[in-house]
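Please look over the sequence and the model shown here before reading on.

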Amino acid sequence: MKPASSDSQVTLNVPTSRWRLLQEMLAPLAVLDFRWLFVGQMVSTAGDMFYAVALPWLLLSTGYTARELGIVLAAYGVPRVGTLLLGGLLSDRLGPRRVMLFADTTRVLLVGLIVLLVALHAADLWRLSIVAAVMGACTGLFLPAYYAITPEILPPASLQAGNALNTLTLQLALFAGAGLAGVVVSRLNASVALLVDACTFALSALTLMLMRGGRSATGKLQTIERREAGDAQQVSQQIGTGNEGYLQCAEPAQTRFSADITFGQLVRQWRLLQVALFIVAIGNFLFNGTFEVALPTLAHNQLAAGASGYGLLLAAFGAGSLLGGLGAALLGPMRHRGVFLLTLIACQAGWYACLPFAGGLAGAGVLIGCAGLTNSLLTVMAFTILQQQAPRHLLGRLMGTLMFASLGLYPFSVALAGLLTTRFGPVLLFPLSGAMMLIAAIFGWLQREVREL
């Protein structure tokens with residue numbers, strides 16, 4: 001593996017030109033393995049939208065009810081959450097690229113099986129549910145490996161730009177994929193859209209096979225990190241000792257843990273990880289239900305915006321997410337990353353708490369766009385910090401645990417949101433969700449490990 005560019009050094013000062021910012025943002029694309037990952041996952045994410053549009057349309061257009069659609073979606077969602085921790089474990093034991101390759105090749109066969117069942121008029125509820133369950137399990141295996149592979153192919157100084165580029169392209173792929181999927185399903189049929197999805201999984205698997213890094217790149221990566229640490233020390237001697245915060249961003253922090261530390265020991269010893277898991281679980285608990293249940297209900301009832309208005313709110317969130325990903329890519333090293341992240345969480349709490357009282361659809365759109373921006377910044381920066389500081393051999397399990405903390409309570413969140421929305425209306429959920437986020441931010445502020453990050 002090679003560094004991001006032949007002249008790429010650790011940059012410890014804030015970039016002074018737009019060209020320099022653009023260079024730093026695009027630097028990860030100079031790494032061949034990252035380019036393969038970038039292209040493959042962009043195409044695969046667009047393909048996911050074909051599946052998301054085609055499957056409900058296939059069921060509803062062949063006589064199934066919304067209740068039966070919910071059964072199939074639940075059959076997909078529960079195994080996805082259930083295999084997140086296993087995916088992290090396998091990623092550490094086998095390497096993330098192998099886990100991702102297995103998941104993608106299996107999903108090619110599964111989507112092809114759905115198309116075959118439709119062609120044979122054998123796509124009954126129980127067969128579709130079984131296929132959806134295996135699909136969900138493969139997705140659960142895939143996700144922790146996906147977030148664990150980037151630190152294996154990029155040096156620590158390029159991780160934030162790499163994560164931000166992934167976020168940007170995934171958002172773009174979601175927009176483009178959803179639009180194209182709607183056209184294909186309406187002009188052709190759902191089976192064609194599913195075939196497109198299968199082809200995108202195949203292309204993703206091909207790009208993974210073409211990658212040359214993974215575990216074999218560890219030695220070169222360590223060489224790069226040592227070179228970066230030497231560069232940081234040299235610059236420190238030139239500009240004085242007042243930049244330790246910047247040096248911590250560039251220094252490979254995995255050395256703080258012993259090479260044989262277990263994941264259980266890591267969870268018990270690493271206070272920052274404990275705080276992160278608590279913040280993720282508390283901050284996302286009511287948020288999931290608010291976004292999935294209360295927001296569409298608010299758009300339909302209180303805002304009287306209809307389906308088009310709800311779509312505009314989602315588009316505003318997506319636009320904000322794109323801007324947040326771009327902002328994360330352009331941000332250089334920061335002295336007080338922990339304080340900045342806690343500030344973003346507090347802002348996120350404010351956006352959601354005030355959303356129902358923003359004066360209509362336009363005001364709600366502005367606030368949810370701001371929420372998308374802060375959410376994207378939070379996601380990119382938080383993952384980058386943990387990727388930089390976690391022991392490399394435990395990164396898969398760490399990513400799986402974080403994703404489980406975020407998604408594991410999803411069924412309870414949407415169920416509780418449904419009950420509260422039915423009993424009290426959707427407006428109450430937004431300040432409650434904001435309050436939970438604010439509690440998470442205050443808890444983080446009380447932790448010295450976060451304030452000094």
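Predicted model: local features only at pLDDT ≥ 70, side-chain atom pairs only at ≥ 80, totals over all residues.

Which residues does R397 touch, not counting residues up to four places away in sequence? The residues that R397 touches beyond that range are G88, L89, D92, R93 and F263, where contact means heavy atoms within 4.5 Å. R397 has its place in helix α16, residues 395-407, and helices here are DSSP runs of H or I with at least four residues, strands being runs of E with at least two, all numbered from the N terminus. With a relative accessible area of 17%, R397 is buried, because buried means under 20% relative accessible area, exposed means over 50%, and partly exposed lies in between, with a 1.4 Å probe and protein chains only.

Residues are numbered from 1 along each chain as its sequence is written, and side-chain values use heavy atoms, with hydrogens and water left out.

The protein chain contains 19 helices and zero strands. Of its 453 residues, 51% count as buried, and the chain exposes about 19900 Å², of which carbon and sulfur atoms supply 67%; these areas come from the Shrake-Rupley method with a 1.4 Å probe, and for residues only the protein chains shown count as cover. Among contacts in the protein chain with a separation of 6 or more, 86% are between residues 24 or more positions apart.

The protein chain averages a pLDDT of 78, and 82% of the residues score at least 70. Helix α18, residues 429-445, has the highest confidence at 92, whereas helix α10, residues 244-250, has the lowest, at a mean of 38. Over residues 1-16 the pLDDT is below 50, and this stretch has 34 contacts in the model beyond near neighbours in sequence. Residues 214-255 likewise stay under 50 in pLDDT, and for them the model has 60 contacts beyond four places in sequence.

In soluble globular proteins, nonpolar side chains tend to be buried together. In this model the largest nonpolar core has 117 residues, and W270 and L398 are those with the most contacts inside it; such a core is a set of buried Ala, Val, Leu, Ile, Met, Phe, Trp, Tyr and Cys residues joined through side-chain atoms within 4.5 Å. Leaving out residues up to four places away in sequence, W270 touches F257, L386, Q389, A390 and L398.

Helix α12, residues 271-300, has 30 residues and reaches 43 Å from its first C-alpha to its last, close to the 44 Å expected at 1.5 Å a residue, the expected span being 1.5 Å times one less than the number of residues. A kink of about 45° in α12 is centred on T290, with the bend at a residue taken as the angle between axes fitted to the seven residues ending there and the seven starting there.

Q387 is found in helix α15, residues 361-389, and counts as buried at 0% relative accessibility; its C-alpha atom is separated by 8.6 Å from that of M399, twelve residues apart along the chain. Q41, in helix α2, residues 32-60, is buried with a relative accessible area of 5%, and beyond residues up to four places away in sequence Q41 touches M100, D104, F142, Y146, L170 and S204.

L312 lies in helix α13, residues 306-330, and counts as exposed at 54% relative accessibility, while the C-alpha atoms of L312 and G365, 53 residues apart along the chain, are separated by 7.3 Å. H121 lies in the loop between α5 (96-119) and α6 (125-153) and counts as exposed at 77% relative accessibility. Most residues other than glycine have a negative phi, yet phi of H121 is near 55°, a positive value. R451, in helix α19, residues 448-451, counts as partly exposed at 32% relative accessibility and, leaving aside neighbours within four places in sequence, is in contact with V339, W445 and L446.

Terms used:
pLDDT = per-residue confidence, 0-100.
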